[in-house]
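Trainee: Hi! Could you walk me through this one before I set anything up?

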Amino acid sequence: MTTGTTPSASETTEVVLEADGLTKHFPIRKRGRELLSRTTRAVRAVEDVDLRLRRGRVTALVGESGSGKSTVARLLAQLYPQTSGAVRLHGEPVDARGSRRFRAYSKRVQMIFQDPFASLNPVHTVRYHLTRALKIHGNAGSSAQDLERALADLLTRVQLTPPERYVDKFPHELSGGQRQRVAIARALGADPEVLLADEPVSMLDVSIRLGVLNLLRDLKERLRLAVLYITHDIASARYFADETFVMYAGRVVEGGDSETVTQRPAHPYTQLLIDSAPDPDRPAAEEKDGGTGEPPSLISPPAGCRFNPRCPHAMRVCTREVPPPFPIDDGPGHFAACWLYGEVTGADAEKPRASREEVL
Ligand SMILES: Nc1ncnc2c1ncn2[C@@H]1O[C@H](COP(=O)(O)OP(=O)(O)O)[C@@H](O)[C@H]1O
Ligand code: SF4
Ligand SMILES: [Mg+2]
């Protein structure tokens, strides 16, 4: 979403992968009396998401658990089809249906998952995992020496050196951080343009997270990769990402360059996220407890702004109409999907009527 008035430095770099109005509803299987009903209920996990990933840039997608981050990544990776909207690679709509087309697409767009234990097969060595990736994507060369060189290159790129110390190890012989590095090396075996990293460090010890994040940053710089970095930790987005997008209940609610979004959050939800994130520079007493309320049901989400039941600033318009992204003039590309930044007047600007529970 590039709604801001001033183009950011990153907006001048090439867009590699983009989502345009990306939407995913998961139908719920009917049970009991529902079988008679004509309507099928659905989990509305991702709604109308616009996102651009640029060459040599890290874009963070931040939000609490269940906000739709992994679904966005899986849609971008074409692991399942979108309900509506489009995914475009270099401006061309992506069609990855069928195994040949999917393979061709995944050569260019690779994904790294949260759990390096689950993503590596315990009965196979590092050599097996990396060789398979190199061969599938046609990067294994034509001789045994070519393959050895390619394996050594991959391990060196993810700083598992000397390569011969790691190449014949089984996953259980490696630490969590080393395993995640092998998963990254395997993704690099495809020689991709895009890395979609879904909470790549959240299952690792705090002490080794920084090393893996620095590795990803180094790769985006050296290989000019477009990286999507998914996290629930907005503080790490500031440190690691060039641009940051915030998701709430399936929608993107704010975006812009990371420094602006994290230092001058405009959307009440982003403000809540930042206020409740642990901050070493702030006394514990000042930290809030994560605010009031819970994320809404995605089966029947609130009308209008999905944050309205939790928002201290909610107005009548918020309970009725979805806020579009409004530009905020304080940073490059900064926008917030919030009526506070629109021209709201009259009855629309009044507090919403109390809910029936509050009246009773
Ligand atoms: N395959 C699926 N079938 C049904 N619901 C799903 C499926 N995958 C995710 N969801 C639902 O979609 C919502 C968003 O999930 P997810 O994208 O995993 O969020 P996040 O990664 O932000 O935690 C959740 O309510 C989740 O239960
Ligand atoms: S649109 Fe309304 S309810 Fe939503 S965050 Fe802004 S003020 Fe709050
Ligand atoms: Mg997730």
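**Strands, ligands and core**

Mentor: Let's start with strand 1, residues 15-27, which pairs with strand 2 in the antiparallel sense over nine bridges. Keep in mind that this is a predicted model.

Trainee: Okay! Which residue is the bridge partner of A19 in strand 2?
Mentor: That's L51.

Trainee: And what is the strand order in the open sheet of four strands?
Mentor: The order is 2-1-4-5, and the pairing is antiparallel. Strand 2 sits at one edge and strand 5 (92-93) at the other, each pairing on one side only.

Trainee: What holds paired strands together in general?
Mentor: Backbone hydrogen bonds, in either a parallel or an antiparallel arrangement.

Trainee: Which strands does helix 1 lie across?
Mentor: Strand 1, strand 2 and strand 4 (84-89). Helix 1 runs at about 120 degrees to strand 1.

Trainee: Switching to ligands: what surrounds ligand 1?
Mentor: The shell is made of F26, V43, A45, G63, S65, G66, S67, G68, K69, S70, T71 and L298. Two elements give two or more residues to it, strand 2 (42-54) and helix 1 (69-76).

Trainee: Which element gives the most?
Mentor: Helix 1, with three residues.

Trainee: And how does that shell divide by class?
Mentor: Four residues are nonpolar, seven are polar and one is charged.

Trainee: Now ligand 2. How many residues surround it, and which are the closest?
Mentor: There are 14 around ligand 2, and the closest are C305, N308, C311, C318 and C338. By class, that shell has eleven nonpolar residues, three polar and no charged ones.

Trainee: Good to know. Which residues touch the most other members in the largest nonpolar core?
Mentor: L76, L196, L228, V246 and V253, out of 89 residues in that core. Helix 7 (residues 176-188) supplies the largest share of the core, six residues.

Trainee: Let me follow up on L76. What does it touch?
Mentor: Leaving out residues up to four places away in sequence, L76 touches L17, A19, V87, V109, L196 and L228.

Trainee: Last one: which residues of helix 11 are buried?
Mentor: In helix 11 (residues 268-276), they are P268, Y269, T270, L272 and L273.

Trainee: And what covers them?
Mentor: The cover includes helix 9 (234-240), strand 9 (243-248), strand 10 (251-257) and helix 10 (258-263).

Trainee: Great, thanks!

Conventions:
Residues are numbered from 1 along each chain as its sequence is written. Chains are lettered from A and ligands numbered from 1 in the order in which they are written. This is a predicted model: local features need pLDDT of at least 70, side-chain atom pairs count only at pLDDT 80 or more; totals for chains, interfaces and linings use all residues. A residue is near a molecule or strand if its C-beta atom, placed from the backbone, lies within 6 Å of it. Ala, Val, Leu, Ile, Met, Phe, Trp, Tyr, Cys and Pro count as nonpolar, Asp, Glu, Lys and Arg as charged, and the others, Gly among them, as polar. Two strands pair if DSSP finds at least two bridges between them. Two residues are in contact if their C-beta atoms, placed from the backbone, lie within 7 Å. Axes are lines fitted to C-alpha atoms, for helices over the stretch in contact, and angles run from 0 to 180 degrees between N-to-C directions. A residue is buried if 20 or more other C-beta atoms lie within 10 Å of its own, exposed if 12 or fewer, and partly exposed in between; C-beta atoms are placed from the backbone. A nonpolar core is a set of buried Ala, Val, Leu, Ile, Met, Phe, Trp, Tyr and Cys residues joined through C-beta atoms within 7 Å.
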